[in-house]
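Thanks for coming. Please have a look at the model first.

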Amino acid sequence: ILAVVRSSDKTVIAQFIRNKEVTIEGVRECIASNARMAAGKRYTSQGPEQSIHYTLDPQGRVFAMVTVNRYSPRVAFAALDEFQTMFNKELGMKAAGALEGQLTQAS
């Protein structure tokens, strides 16, 4: 999973899911449980088989990636940094008012 979640209301405004065994609800719950999230910091929550890597940007958007546990966090965060840059450039202005899943496929 690769997702963008608005932190204020936990709305998943964009997502890409390759593996149907993983749900976006797990990502949403992980983000909601981290009340001390700070912009620019990197977080990883590790489960038995998967990890959720995520970061909060200054505009209140959480960029998250779900990987298998053996996947390098360094590589995951490098990919998230690139994804964040591309998302902000192309869709950043639409994020504040976007509805659930609205930016999943840019029109």
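A residue counts as buried under 20% relative accessible area, as exposed over 50%, and as partly exposed in between. Keep in mind that this is a predicted model.

Take Val75 as the case to sort. Val75 lies in helix H2. Its relative accessible area is 36%, so Val75 is partly exposed. Val75 and Gln102 are 27 residues apart in sequence, and their C-alpha atoms are 27 Å apart in space.

Now the helix itself. H2 covers residues 73-91. With 19 residues at 1.5 Å a residue, H2 should span 27 Å, and its end C-alpha atoms are 25 Å apart, which agrees.

Which residues of H2 are buried? They are Ala76, Phe77, Leu80, Gln84, Phe87 and Leu91. Looking down the axis of H2, these buried residues fall within an arc of 95 degrees, so they line one face of the helix. On the other side of H2, the exposed residues are Arg74, Glu82, Thr85, Lys89 and Glu90.

What covers the buried residues of H2? The cover includes five strands: S1 (2-6), S2, S3 (42-46), S4 (50-56) and S5.

On to the pockets. The general idea is that rolling a probe the size of a water molecule over the atoms shows where empty space is left.

The largest pocket has a volume of about 360 Å³. Its lining is made of 15 residues, and those nearest its centre are Ile1, Asn19, Val66, Thr67 and Val68. Strand S5, residues 61-68, contributes the most to this lining, with 4 residues. By type, the lining of the largest pocket holds 9 nonpolar, 3 polar and 3 charged residues.

The second largest pocket has a volume of about 250 Å³. It is lined by 13 residues, with Phe83, Phe87, Leu91, Leu103 and Thr104 closest to its centre. Strand S2 (11-16) and helix H2 each supply at least two residues of this lining. Which element gives the largest share? That is H2, with 5 residues. The lining of the second largest pocket divides into 9 nonpolar, 3 polar and 1 charged.

I will take questions now.

Conventions: Residues are numbered from 1 along each chain as its sequence is written. This is a predicted model: local features need pLDDT of at least 70, side-chain atom pairs count only at pLDDT 80 or more; totals for chains, interfaces and linings use all residues. Side-chain values use heavy atoms; hydrogens and water are left out. On a 1 Å grid over the protein atoms alone, a cavity is a set of points where a 1.4 Å probe fits but cannot get out, and a pocket is an open set with protein on both sides within 12 Å along at least five of seven lines; lining residues have an atom within 4 Å of a point. Grid points are joined across faces, edges and corners, and a volume is the space filled by probe spheres set on the points. Ala, Val, Leu, Ile, Met, Phe, Trp, Tyr, Cys and Pro count as nonpolar, Asp, Glu, Lys and Arg as charged, and the others, Gly among them, as polar. The expected span of a helix is 1.5 Å times one less than its number of residues. Buried means under 20% relative accessible area, exposed over 50%, partly exposed in between (1.4 Å probe, protein chains only). The arc is that of the directions from the helix axis to the C-beta atoms. Contact means heavy atoms within 4.5 Å.
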